[in-house]
Amino acid sequence: MRRKRVIGNWKMNGSLAANRALLEELLPQLAVLEGVELAVCPPFSYLAQVAALLEGSGVALGAQNLHTAEKGAFTGEIGAGMLKELGCRYVLVGHSERRSLYRECDETVAEKFAVALRAGLVPVLCVGETQAQRRQGQTEQVVSAQLQAVLRRSGVQGLAAGLIAYEPVWAIGTGETASPEQAQAVHRHIRALLAQHDPVQAEAMPILYGGSVKADNAAALFAQPDIDGGLIGGASLEAAAFAAICQAAAR
Ligand code: PEP
C-alpha cells in the first residue's frame with residue numbers, strides 16, 4: 001500500500017508576510033491529518049524562513065530547482081548541498097516551466113535528478129506532454145522518453161529513490177484538469193514501464209498527478225489506483241484549498 005503525498009509548488013510567489021500568514025492558517029489544519037506525507041516548495045529566497053515556520057509540523061520542505069554543479073561560477077544558481085543545508089527534503093526536477101522557459105532537455109533533467117540523489121535529496125521528476133503531443137497521440141512516447149533519460153542515468157533503483165509527478169503541460173495553471181481516467185491511463189503506463197525494469201520497485205513507486213488540482217477534483221483523482229497524491233501549484237497558495245486537497249489524500 002503506497003502512502004499518499006501532496007506537495008505544494010509555490011512557484012515564484014510569496015513574501016515574508018504572506019508565507020507566514022499562509023502557514024499560520026494552513027499548518028493547524030494539516031496537523032490533524034494522518035496517512036499522508038506533505039511538503040511545500042517555496043522560492044529559494046524563502047527556504048530558510050519556511051524551514052523555521054515548518055519546524056515540528058511534520059510538513060517537509062522542498063525546493064523548485066537545483067543546478068547540476070555542486071558549486072562554482074554559476075551566477076544565480078543553487079547547488080544541491082545548499083538545499084540540503086537549508087533543510088530541504090525534496091527538490092523538483094524537470095518541471096514543465098523549466099523545460100519550456102529555460103530549455104531544460106531530458107538529459108539535463110536526468111543529470112539534476114542524479115545530482116539531487118547524490119546529495120541525499122528526494123528528487124521529484126516531473127513528466128508530461130503538451131496539448132499538441134496529446135492530440136498527435138504521442139503522450140506515452142513523450143513521457144517514456146522523459147523517464148528513460150533518468151533510467152539510463154540513475155537506473156531503476158535511482159529512479160525509485162525519488163518520486164514521479166505526471167503533469168500534462170496543458171493542465172498546468174490552465175484550470176483544465178486531466179480527467180481521472182486520462183490521468184490514470186498515463187500513471188498506469190508509467191508504472192508498467194518501470195515494471196519492465198523492476199516489478200517490485202514499480203509497485204512501490206509513488207506517482208503524483210499535477211495540473212489544476214483543486215479542492216473539488218482532488219478526491220476523484222486520488223481515488224484512481226495508480227495516482228498516489230498530487231503536485232499542486234496555484235491551489236497551494238490558498239490555505240483552505242490546499243488543506244482540502246491534503247484532506248482528500250489523507251486516510
Ligand atoms: C505545477 O506547477 O506543478 C502545477 C501543477 O500547477 P497548477 O496546480 O497551478 O496547475
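A polar contact is taken here as a pair of N or O atoms within 3.5 Å, where within protein one atom must be able to donate a hydrogen and the other to accept it, and where residues adjacent in sequence count only if both atoms are side-chain atoms. The model is predicted, so that local features need pLDDT of at least 70 and side-chain atom pairs count only at pLDDT 80 or more, while totals for chains, interfaces and linings use all residues. Residues are numbered from 1 along each chain as its sequence is written, and side-chain values use heavy atoms, with hydrogens and water left out.

Through its side chain, Glu 167 places a polar atom 2.7 Å from an oxygen atom of the ligand. Backbone atoms also take part: a polar backbone atom of Ser 212 is 2.7 Å from a ligand oxygen, and one of Gly 233 is 2.8 Å from a ligand oxygen.

Ser 212 sits in the loop between strand S7 (207-210) and helix H10 (218-222), helices (H or I, at least four residues) and strands (E, at least two) being DSSP runs numbered from the N terminus. Ser 212 counts as buried at 9% relative accessibility, where buried means under 20% relative accessible area, exposed over 50%, and partly exposed in between (1.4 Å probe, protein chains only). The side chain of Ser 212 has a polar atom 2.8 Å from the backbone nitrogen of Gly 175, and this side chain also reaches the backbone nitrogen of Thr 174 at 3.5 Å.

Grid points are joined across faces, edges and corners, and a volume is the space filled by probe spheres set on the points. The largest pocket has a volume of about 400 Å³; among its 15 lining residues, Lys 11, Met 12, Gln 64, Arg 98 and Tyr 102 are the closest to its centre. Helix H4 (residues 96-101) supplies the largest share of this lining, three residues. By class, the lining comprises eight nonpolar, four polar and three charged residues, with Ala, Val, Leu, Ile, Met, Phe, Trp, Tyr, Cys and Pro counted as nonpolar, Asp, Glu, Lys and Arg as charged, and the others, Gly among them, as polar.

The second largest pocket holds about 150 Å³ of space and is lined by 13 residues, of which Arg 99, Gly 128, Thr 130, Gln 146 and Val 169 lie nearest its centre. Two or more residues each come from H4, strand S5 (122-127) and helix H7 (139-160), and H4 gives the largest share, three residues. This lining has four nonpolar, seven polar and two charged residues.

The structure holds zero disulfides, a disulfide being a pair of cysteine sulfur atoms within 2.5 Å. For Cys 41, the nearest cysteine sulfur, that of Cys 88, is 7.8 Å away, and Cys 41 is buried with a relative accessible area of 0%. Cys 126 is likewise buried, at 2%, and its sulfur is too far for a bond because the closest cysteine sulfur, in Cys 41, is 9.0 Å from it.

Terms used
On a 1 Å grid over the protein atoms alone, a cavity is a set of points where a 1.4 Å probe fits but cannot get out, and a pocket is an open set with protein on both sides within 12 Å along at least five of seven lines; lining residues have an atom within 4 Å of a point.
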